[in-house]
Amino acid sequence: MSKGLRRYEFSERLADIIGASRRDLRFRVTLLVTAGLIPPGPRGPGSPPATPGYAADLLIGAMSAPQQSHTVEAIQCYRALRPSASVAVDNTPRVVIGPQRSPFADIHSPDLLFLADRLRFGEALSRLLACALDSETRGVLARTLFGVWISRGFPVASLQFVAGSDSSQTIVTKRYELPEGARPPAWLDPDRGGSADPGLFHTVFLPVNKVIEIGQLTTSEDEMTPRMLDLGPTITNIANLVRDGRHRRRWDAFLSNARAARAAAEKLDTRDSRYTEVADFGSNPGNLRMLTYIPNTIQESAPLVVVLHGCTQTAASYDHGAGWSTLADRHGFALLLPEQRRRNNPLRCFNWFRNEDFRRDDGEPLSIRQMVDRMISEHGIDRTRVYVTGLSAGGAMTSVMLATHPDVFAGGAVVAGVPYQCANGLQEAFETIFQGQSRSAGEWGDLVRAASSHQGPWPKVSVWHGEADSTVKPINAEEVLKQWTNVHGLGALPTIETTTDGCSRRIWRNADGKDVVEAYTVPGMSHGQAVKAGGPVPCGNAAPFFHDVGIASADHIARFWGLTDVVAETRAKSRPAASPSIHAEIDDEPRQKTEDAAPHMASEIQIKAGISIDRDNQCTADSGQESTQVTAPLVARDEAGQSDRASSPTLDLLAFVAKSLTTNMTGSVEPGSGGATDNERTFGGGGMPLGIDIQDILSKSFEAAGLLKGGGNKRSRSRAGSGAPLGIDIPGILSTSFEAAGLINRGLDRDRDSGPRTSTGDGSVETGGSESSTGEKRHDGSGWQLLAGEQGTLGDGSQLFGDVRSGIDGEIGNKARSFTCQVMLGDQPRLGYERRLDLNAAANPFTKASLTVLVDGVVVDEVSAIGMDYVETEWTAQSDIDLSRFGGRTTTLTFELAANSNVFVEVSAKAWLRHIEVHDATTPAAH
């Protein structure tokens with residue numbers, strides 16, 4: 001490792017490398033100190049060393065800030081940019097029509113791309129600079145990194161990597177953009193004197209050779225910790241094998257927790273055990289103990305979960321912390337809990353790193369397989385539903401079992417573990433867990449394919465890791481994902497990225513639309529397993545290596561495997577409805593009329609947070625952060641338009657939306673109209689969801705409760721003092737609150753006559769929107785609306801109109817509006833619809849407007865305008881979109897309209913949809 005420079009020397013050399021003024025960089029360093037971004041220090045030889053983190057900050061400030069005065073804010077803004085897309089195309093404006101193919105379908109993605117995949121830009125740049133310090137990682141850096149790209153005209157940065165296939169190479173760009181809710185830097189923010197449209201967009205590029213040169217001038221941030229914890233002579237001897245002082249601090253921290261975990265395990269083992277030990281189950285070459293747990297309510301042909309504990313734990317202590325026996329009682333499956341003996345490993349770790357213990361027909365893997373065989377023969381276990389999971393060393397052994405016995409296990413879950421065959425020997429094991437080992441996805445996948453003669457199908461895999469795990473570095477989770485996504489023949493990018501209980505969740509789906517790989521990243525969690533010790537349905541207990549972070553990993557893993565389906569469905573039938581925030585029941589006569597129009601409607605409406613109106617079948621109109629759930633019967637018809645439940649029926653989605661509305665709408669609307677008229681409502685009349693008058697419902701509910709006097713018409717009830725106690729208009733207050741939350745839109749009714757209609761020049765009519773008494777413009781039509789047909793009725797001529805905007809009213813980032821419906825697909829389903837689009841995304845090369853059609857989160861059709869405008873002046877028919885890969889099950893069909901602006905320049909997307917039909921599909925209620 002080369003000796004790095006002090007800060008005062010580093011800024012001089014950095015100026016020479018990037019072609020900047022030395023005086024300029026000295027002043028920027030002064031700004032960093034005065035702003036508190038770095039601690040002050042003497043200028044001479046006593047100056048603090050320049051670490052990769054310091055170098056990354058100064059480099060960001062110099063590259064991104066157009067003026068010296070912007071340095072500090074530029075660093076704070078750009079280093080917090082979050083990773084977004086990875087694309088194998090250049091940054092040129094373009095329109096993409098049709099589902100976009102994964103950019104990594106035919107290329108070998110570089111290892112360093114995964115290092116940067118989950119980090120923010122500042123940390124990713126710091127890691128790359130640190131790679132230049134080590135001779136081995138420096139070579140990888142030189143081969144795979146192309147350069148660093150930063151824009152000053154909009155808050156976007158990227159790391160560009162070289163990736164190749166067997167015949168060609170390309171540049172893969174890892175893009176970083178503003179996190180949700182963040183504002184652009186001051187020079188781009190009009191509220192702080194900046195300009196949202198600075199004219200000539202200036203960008204800066206730093207090639208890989210300069211990145212390496214800069215990184216070699218820094219000093220590693222790792223520090224040595226001189227003292228070891230003493231847990232006994234045997235453990236100390238093992239600890240001495242960790243010769244590299246860089247890892248001693250992590251090892252000390254692990255041993256400290258391990259000592260507490262061992263004490264907890266020994267305490268639990270003194271209690272009466274819930275588990276049964278089986279002594280005779282085979283040759284047992286791994287010399288393991290076999291413990292089992294069979295619940296009293298076990299299913300017939302029950303599933304089996306093999307549970308592997310971590311270092312210093314026992315089978316009982318791991319189960320107590322993770323809560324697997326609680327789930328077994330709840331859902332009726334069996335548990336097998338292999339246990340390591342102390343004489344096999346002084347820390348009671350499974351020996352996943354020893355050659356004889358990561359082969360198929362040898363050592364500990366063979367012992368565990370023999371235990372599984374005994375469970376199947378003795379308890380009638382369904383051999384197609386055997387699963388394995390484990391924590392830490394147990395997670396590493398889970399990787400071994402999945403690789404060596406993919407014919408035995410239908411699924412697995414690796415919790416804070418490592419990939420299969422990442423180490424051969426104890427020293428390599430320490431190196432792997434503390435710093436990770438990076439290989440290409442193909443190399444990792446080949447190790448699994450070589451571990452047995454199995455040719456598929458492969459187990460589905462769940463991967464869990466704490467974001468702050470310093471014992472088993474989180475990069476190991478990314479390597480596990482590379483291994484198993486490659487085995488399943490999937491690309492590097494997940495099919496879906498979402499958030500569950502505050503945790504990042506990524507899902508990979510195969511060609512059949514099935515979830516086969518998932519990954520949870522638990523923010524702020526150190527080494528261990530996530531549990532949820534409290535709440536109405538707890539699972540697990542807080543203990544050393546078990547963190548009560550509000551999410552039960554064991555429960556989510558069981559759901560991913562499908563172990564909760566049967567019991568969960570049985571319990572759901574008797575579970576009472578969730579208590580609504582406001583509960584209102586419609587009078588008998590209006591309810592009867594509504595039920596005539598929609599025969600499957602529930603007899604009561606529950607208004608919850610987000611205004612959820614529950615019915616038998618679910619259809620959701622999502623307006624971004626909150627969604628309005630609306631359910632209505634789907635309409636099955638044949639080609640002649642008649643009701644028919646014979647083979648190959650057709651679902652007319654617009655017809656069922658029209659029938660779900662409870663208000664009459666008259667008049668006509670021209671196709672392509674850009675705004676709301678008297679005859680348009682956002683899924684209903686009077687600005688109410690589905691035409692339901694929330695204020696009237698509330699008034700009747702308060703009358704029934706004696707809080708309001710009865711009688712009078714709706715208008716009189718809505719005025720303050722009309723029968724209300726103390727003259728307080730409670731329904732009006734609540735309605736106003738709903739309106740302020742965006743859950744109802746009364747502007748259409750209130751200012752019905754104030755919105756002038758203007759001709760668009762093509763014969764269509766659009767409204768100018770409503771205005772308040774102060775003349776402030778109201779933005780109507782921000783979600784999906786149902787437009788009446790040519791005869792002014794909601795029938796076959798109806799259209800869906802969507803409108804979404806970003807970059808206005810002080811809001812930037814991705815804004816989306818989605819319309820979703822549940823449908824039951826047959827064996828050969830097909831989707832058809834007609835559209836007109838107006839996509840305006842010409843703000844800069846990274847702004848985007850799009851219409852996307854998804855089935856269960858998988859894109860089946862898409863039109864995207866990136867950095868430019870795209871308009872369809874005529875109706876475009878999309879017919880015979882093949883949905884057969886989703887056939888035979890109930891799916892969720894989604895139309896999503898999105899606009900994404902990274903500066904305060906408007907980006908908008910408008911869409912008109914008609915004739916939306918799904919062939920060979922029925923309503924879920926019919927099954």
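Reader: Is R914 buried, partly exposed or exposed?
Author: This is a predicted model, in which local features need pLDDT of at least 70, side-chain atom pairs count only at pLDDT 80 or more, and totals for chains, interfaces and linings use all residues. Residues are numbered from 1 along each chain as its sequence is written, and side-chain values use heavy atoms, with hydrogens and water left out. Buried means under 20% relative accessible area, exposed over 50%, and partly exposed in between (1.4 Å probe, protein chains only). The relative accessibility of R914 is 22%, so R914 counts as partly exposed.

Reader: Which residue meets the side chain of R914 in a salt bridge?
Author: A salt bridge is a side-chain nitrogen of Lys or Arg within 4 Å of a carboxyl oxygen of Asp or Glu. At 2.7 Å, N to O, the partner of R914 is E834.

Reader: How many residues apart in sequence are the parts that R914 and E834 tie together?
Author: Strands (E, at least two residues) and helices (H or I, at least four) are DSSP runs, numbered from the N terminus. R914 lies in strand β35 (residues 907-922) and E834 in strand β29 (residues 813-840), so the parts they tie together are separated by 80 residues.

Reader: Why is α17 largely enclosed by the rest of the structure?
Author: Among its buried residues are V480, L481 and W484. Helix α17 is largely enclosed because its buried residues number 11 of the 13.
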